[in-house]
Amino acid sequence: MSNPQVETVTTGADKVKLAGAVLLLVAAIVAFYALSKQGPWVQWGALIALLVAAVAAFFTSESGKSLIAYGQDSMKEVGKVVWPTRKEAGQMTLYVFAFVVVMALFLWLTDKTLEWVLYDLVLGWKR
C-alpha cells in the first residue's frame, strides 16, 4: 500500500498569522520586563494578555488548525484502545515482578559462579 503525499499549501495570510503570533510572543516577553516598575499586576496582566493573543493567532493559522485536528484524532484513537481490567493489570504486574526477581537471582548466580571460576580456579586467589 502506498501512502499518498500530503502537500501543505501555506498562504500569505497564514504566514502573516504565524509571524504575528511570534511577534506577540516576543512582545509579551519584552512587556513583562519593560513593565517591571509598574507593579506585578500590570506586568503579569500584560504578559498573560499578550500570550493569550499569541496563542489565539497561532490557532487561527493552518498550523494551529492542524494541531487541533491532530489532538482530536488522538483522542478518538485513545477511545479505541482496549484497556485491561483491574484484575488483568494486577496479574500482569505480578508477572513482571516475578520475572524481575527470577532474573535478578539468575544474574546474581551467574556473577558468583564466574567470580568463583575466575578468581578461585583460574587465578588461584583464595579469599
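The model is predicted, so local features need pLDDT of at least 70 and side-chain atom pairs count only at pLDDT 80 or more, while totals for chains, interfaces and linings use all residues. Residues are numbered from 1 along each chain as its sequence is written, and side-chain values use heavy atoms, leaving out hydrogens and water.

Helices here are DSSP runs of H or I with at least four residues, numbered from the N terminus; axes are lines fitted to C-alpha atoms over the stretch in contact, with angles from 0 to 180 degrees between N-to-C directions.

Now look at where they meet, with contact meaning heavy atoms within 4.5 Å. On the α1 side you will find residues including L18, L25 and F32, and on the α2 side W44, L47 and L51 among others. The residues of this contact divide into 18 nonpolar, one polar and one charged (nonpolar: Ala, Val, Leu, Ile, Met, Phe, Trp, Tyr, Cys and Pro; charged: Asp, Glu, Lys and Arg; polar: the others, Gly among them).

Next, the aromatic rings. The whole structure holds three aromatic pairs, counted when ring centres of Phe, Tyr or Trp (its six-membered ring) lie within 6.5 Å. In one of them, F32 and W44 have ring centres 5.0 Å apart and planes at 75 degrees, so the pair is edge-to-face (over 60 degrees). F32 counts as buried at 15% relative accessibility, whereas W44, at 46%, counts as partly exposed (buried is under 20% relative accessible area, exposed over 50%, partly exposed in between, with a 1.4 Å probe and protein chains only). Ring pairs also bring in Y33, linking F32, Y33 and W44 into a cluster.

Methods
Helix = DSSP H or I, 4+ residues; strand = E, 2+ residues; numbered from the N terminus. Phe/Tyr/Trp six-rings, centres within 6.5 Å; stacked < 30°, edge-to-face > 60°.
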